Amino acid sequence: MALVRGRSSAERPSYWPGYVDALSSLLLVIIFLLSLFMIAQFFLNQEILGRDTALSRLNAQIAELTELLQLERANSEELELSISSLSATLAGVEAERDSLQSELAGLGEGISDYDSTIAGLETELSEERELSSEAQAQVALLNQQLAALRQQIGALEAALEASELRDTESRTQIADLGRRLNLALAQRVQDLSRYRSDFFGRLREILEGRSDVQVVGDRFVFQSEVLFDAGQAQISAEGQSQITALADAILELENEIPADIPWVLRIDGHTDRRPISTPQFPSNWELSAARAISVAKLLVEQGVSPNRLLAAGFGEYAPLDPADTEEAYRRNRRIEFKLTEA
């Protein structure tokens, strides 16, 4: 029995060495992939660093060229002043030379008595001629230096003009993009105005013949009595039928206006100036906001997208009629609908 059991243990296959080899191979592959990723990251960082360095170097060269241009212009002005001074000196020397020559010509008579004077004058004249030659040579050298400086200034000005040209082209492109953006915005406003006109036309057809619904400017005005009981924010049965008809028109509008035109239907609640104070509505502001929200919720129940609705409460602070009469109070208690941009 012991022999048989030992033979069974020897013939049983062992999977552990294969599992270790597979795990080692997987670990080597992972290490190789991580090495590749680190090498790629290193070369990418080097490339970015090289571009930043080149850009900094270019900016430094532009600043250096600008400073050099200013220095060269200052040197040019100094050289021009020096040339002007030397030219004036040369003119004076030539005038003095001419004067000495005329004096020498006038000494023809009694030349024997004036030999020493003539010799002295000739010596002075030679010295003056040497000075004149040196001045002319210095002027010629200064002219050469001035010409070289002008060439350098011309090259610098050409570089600056090229830079200004690139800047002008960039500004032109920015202005063109702004003009296109303005045209696109104007087109969207025109499209929204057209859809607003269509929407108001449908509402006029739906609400035709009702004296308690009016069009004031770019908005529809429902008197509060049509939708709510006095001091309440719960929509009445008659008001629900009116809002349901309005919801059908809004749903048609949602399907027609393209998705890239941002628009919302703003619902504004208004009350008269007489104060209200109840546990539910401490002021007219809460009452007007609650009524606008009730209308928005009913429209959402009818299928209108919530992101196309905006409810706001104005209380008694935006009256249509400032008078203190029952008719003015009735006009000021209202719900307004306005189609506007988001």
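Predicted model: local features only at pLDDT ≥ 70, side-chain atom pairs only at ≥ 80, totals over all residues.
**Reading surface patches and an aromatic pair**

Q: Thanks! Which residues form the negative surface patch, and which helix gives the most to the patch?

A: Here Asp and Glu count as negative. The negative patch consists of E96, E124, E127, E130 and E134. Helix α3, residues 115-206, gives the most, with four residues. E124 is placed in helix α3, and with a relative accessibility of 42% E124 counts as partly exposed.

Q: Now to the rings. How many aromatic pairs does a search of the whole structure find?

A: Rings pair if their centres lie within 6.5 Å, and planes over 60 degrees apart count as edge-to-face. The search of the whole structure finds three aromatic pairs. One of them joins F222 and F337: the centres are 5.3 Å apart and the planes are at 80 degrees, so this pair is edge-to-face.

Q: What does the pair of F222 and F337 tie together, and are these two residues buried or exposed?

A: F222 lies in strand β2 (residues 219-223) and F337 in strand β5 (residues 334-341), so the pair ties together parts that are 115 residues apart in sequence. Both F222 and F337 are buried.

Definitions and conventions: Residues numbered from 1 in each chain as written. Heavy atoms only, no water. Patch = residues over 30% accessible without salt bridge, like charges linked within 9 Å, V, L, I, M, F, W, Y side chains within 5 Å. Areas by Shrake-Rupley, 256 points an atom, 1.4 Å probe, with all protein chains shown as cover. Salt bridge = Lys/Arg side-chain N within 4 Å of Asp/Glu carboxyl O. Charge placed at Lys NZ, Arg CZ, Asp CG, Glu CD. Helix = DSSP H or I, 4+ residues; strand = E, 2+ residues; numbered from the N terminus. Buried < 20%, exposed > 50% of the residue type's maximum accessible area, 1.4 Å probe, protein only. Phe/Tyr/Trp six-rings, centres within 6.5 Å; stacked < 30°, edge-to-face > 60°.
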